[in-house]
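Me: Please go through this model with me, one point at a time.

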Amino acid sequence: MSTAAQQADSTQHFDVLIVGAGMVGSALACALADTRLRIGLLDSQALELIPAPVTGSGFDPRVSALSAASEQILKGLGAWQRLGLNAGLPYRSMCVWDAEGTGEVHFDAQALGESRLGHIVENYRVQNGLLQQLHASQVTLLPGVKVRGLVREDSGWRIDGNEGQRLQAPLIVAADGARSRLRELAGFAMREWDYLHHAVVTTVELSEPHQHTAWQRFLPSGPLAFLPLPSQNAKHYCSIVWSLLPDAAAEVMALDDTAFCAAITEALEARLGPVLSVDQRVSIPLRQRHAKHYAMPGLVLVGDAAHSIHPLAGQGVNLGFLDAAALSDVLHEALARGESLAELAVLQRYERARMGSNLAVMAAMEGFERLFHAQALPLRWLRNAGMTIFDQAPLIKAEVMRRAMGVSGELPSLARP
């Protein structure tokens, strides 16, 4: 047998190949698992359940503020039910205020007749819920595969892996994160810029209860968020995300734990009392990216591979889950119509469904980020006055809350109650 024939014989064939088994890629694989399609899900990591973190608090520093829409999507996929009773904390309200003025905004789920605005959940728990669902499905899991090459063929695309693997499919989905290798190999054009900030992320123990509230203070150096976590043994915890200029982030990272607790207490104006202890800290450079297009024939981007935004309001993974749900709708409908899933016209339906919404959220986050960094007195007065007026406009505030929760506007079928 010739070398070419041997290679062709060893190639694994799929109808849809999803690259990247993070939360968004795994969610899409779950959403397509009930079709007659041969679905492959590959990742450079082992696709086994992630063990609980070994930290002082017992919490992983990487958490997500899951919206009601994301909760609904995970329920529809069967993954939410696998998270366990104490997997996350429902937060009922949010308090946002300006460090340089009196402007303050309060969001409360009760104003909408809802029990919560969302849930703060550790990422590994969501990932494990999705992996459990995938292990019980017909999806072919391909762990430990690193993408080395991408080749356009007559019948679709071929991925060449690190150990000589050859994987072929008419449709490939790039769900491999903000630094997507697949996006780079395919040649998608990007718009991107550096925020010139780093996010310092960790978990802290509080001396006072967090009141099931997400707290966010806009400092001249950048926003600081305290996201509530479940209490344990009468101890109260929050996950924090502190956006700082690189030099300031380096200084904060270099503080000992006692000095860091004092600094973070002061930064939040001690609204939750003194911070008592802190886990190991992580500093993450912040960069915004957005693909000019999400689709080309036979290849499509989802989640952070298509767009990554400032973690200002914790919307990143929520946008990704909506991407996965929208693409699932498009592919299910195309399958029912007998259309080719790889056709650009089919994939552009997904692009049209998601690009406008993603851009709107990204523009809003960028606008907030720039507004709160502005030091000119007129702008500082304007933002404080604007926050006060907004807080006293219940109808406008309610609509903003509904959209952030994912219970308003056009939604994919999986996101609908």
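**Strands, burial and one arginine**

Reply: In S8, Ser64 has Val121 as its bridge partner. This is a predicted model, in which local features need pLDDT of at least 70, side-chain atom pairs count only at pLDDT 80 or more, and totals for chains, interfaces and linings use all residues. Residues are numbered from 1 along each chain as its sequence is written, and side-chain values use heavy atoms, with hydrogens and water left out.

Me: What is the average pLDDT of the chain?
Reply: pLDDT is the predictor's confidence in each residue, from 0 to 100. A score of at least 70 is reached by 87% of the residues, and the chain average is 88. Over residues 1-8, however, the pLDDT is below 50. Beyond near neighbours in sequence, that stretch has, in contacts (heavy atoms within 4.5 Å), a count of three.

Me: How many strands are there in the chain?
Reply: Helices (H or I, at least four residues) and strands (E, at least two) are DSSP runs, numbered from the N terminus. By that rule the chain has eleven helices, and its strands number 22.

Me: How many bridges pair S4 and S8?
Reply: S4 and S8 pair in the antiparallel sense. The number of bridges between S4 and S8 is five.

Me: Which residue in S7 is the bridge partner of Val96?
Reply: Strand S6 (residues 93-98) pairs with S7 in the antiparallel sense over five bridges. In S7, the partner of Val96 is Val105.

Me: Why is strand S17 largely enclosed by the rest of the structure?
Reply: Strand S14 (residues 190-206) runs antiparallel to S17 and is joined to S17 by nine bridges, with Val201 opposite Val241. Strand S16 (residues 222-232) also pairs with S17 in the antiparallel sense, over seven bridges, and Phe226 has Ile240 as its bridge partner there. S17 (residues 235-244) is largely enclosed because the number of its ten residues that are buried is nine.

Me: Which residue takes a positive phi in the hairpin of S16 and S17?
Reply: This hairpin has two residues between the strands. The phi in question is near 50°, and the residue is Asn233.

Me: Which side chain makes a polar contact of 2.8 Å with the side chain of Arg116?
Reply: A polar contact is a pair of N or O atoms within 3.5 Å; within protein, one must be able to donate a hydrogen and the other to accept it, and residues adjacent in sequence count only if both atoms are side-chain atoms. Arg116 lies in the loop between strand S7 (104-108) and strand S8 (118-122). Its side chain makes a polar contact with that of Ser115 at 3.3 Å. The contact at 2.8 Å is with the side chain of Glu71.

Note on methods: Buried < 20%, exposed > 50% of the residue type's maximum accessible area, 1.4 Å probe, protein only. Pairing = 2+ DSSP bridges.
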